[in-house]
Amino acid sequence: MATGPEHYVEAERLERQANTWMDADTGWKGGLTTAERLAYRTADLAAAQVHATLAGAAAAAINDHSHAEGGMPLDDFDAWVKVAGVWQRKPKGGED
């Protein structure tokens, strides 16, 4: 399971990697056909999009509780922080 920031970093990494496929003329990548390189590039971009979407969902959800009106319930906010955030709410009165 990755946090929102980890998804964001992975999306950026995959996008950079996708841009290297078509110019890869050396090493094992140099032996690939144009169609194979395009397939790898497409797969990397699709994976980057998934990670970017997850990062955006995490950022929106974690930010939602801070709204004075209509923010998500605190229990939902805590659940989002637990799975997608890097900050952890301090337990209340010794609770885990």
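Analyst: Ask about any label, and the value will be set against its definition.

User: What kind of model is this, and how are the residues numbered?

Analyst: This is a predicted model, so local features need pLDDT of at least 70, side-chain atom pairs count only at pLDDT 80 or more, and totals for chains, interfaces and linings use all residues. Residues are numbered from 1 along each chain as its sequence is written, and side-chain values use heavy atoms, with hydrogens and water left out.

User: How confident is the predictor?

Analyst: The score is pLDDT, the confidence in each residue from 0 to 100. The protein averages 82, and 84% of the residues score at least 70. Among the elements, helix α1 (residues 4–18) has the highest mean, 92. Helix α3 (residues 74–84) has the lowest, 78. Where pLDDT is low, the predicted coordinates should not be read in detail.

User: What makes a stretch a helix here, and how many are there?

Analyst: A helix is a DSSP run of H or I with at least four residues, while a strand is a run of E with at least two. Both are numbered from the N terminus. The protein has three helices and zero strands. Along the sequence the pattern reads α-α-α.

User: What makes Trp-21 and Trp-28 an aromatic pair, and which kind?

Analyst: Rings of Phe, Tyr and Trp (its six-membered ring) pair if their centres lie within 6.5 Å. Planes under 30 degrees apart count as stacked, over 60 as edge-to-face, and the rest as tilted. By this rule there are three aromatic pairs. Trp-21 and Trp-28 lie 5.8 Å centre to centre, with 75 degrees between the planes. That pair is edge-to-face.

User: How do you know which kind of pair Trp-21 and Tyr-40 form?

Analyst: Their centres are 4.5 Å apart and their planes 10 degrees apart, and the pair is stacked. Trp-21 lies in the loop between α1 and α2 (34–64) and Tyr-40 in helix α2, so the pair ties together parts 19 residues apart in sequence. Trp-21, Trp-28 and Tyr-40 form one aromatic cluster.

User: What does Arg-37 reach with its side chain?

Analyst: A polar contact is a pair of N or O atoms within 3.5 Å; within protein, one must be able to donate a hydrogen and the other to accept it, and residues adjacent in sequence count only if both atoms are side-chain atoms. The side chain of Arg-37 reaches the backbone oxygen of Lys-29 at 3.5 Å. The backbone oxygen of Gly-30 also lies 3.5 Å from a polar atom of that side chain. Arg-37 is in helix α2. Its relative accessible area is 10%, so Arg-37 is buried.

User: How do you know that the buried residues of α3 line one face?

Analyst: They are Phe-77, Val-81 and Ala-84. Seen down the axis, they fall within an arc of 100 degrees, so they line one face of α3. The arc is that of the directions from the helix axis to the C-beta atoms. The face turned away carries the exposed residues Asp-75 and Lys-82.

Key. Buried means under 20% relative accessible area, exposed over 50%, partly exposed in between (1.4 Å probe, protein chains only).
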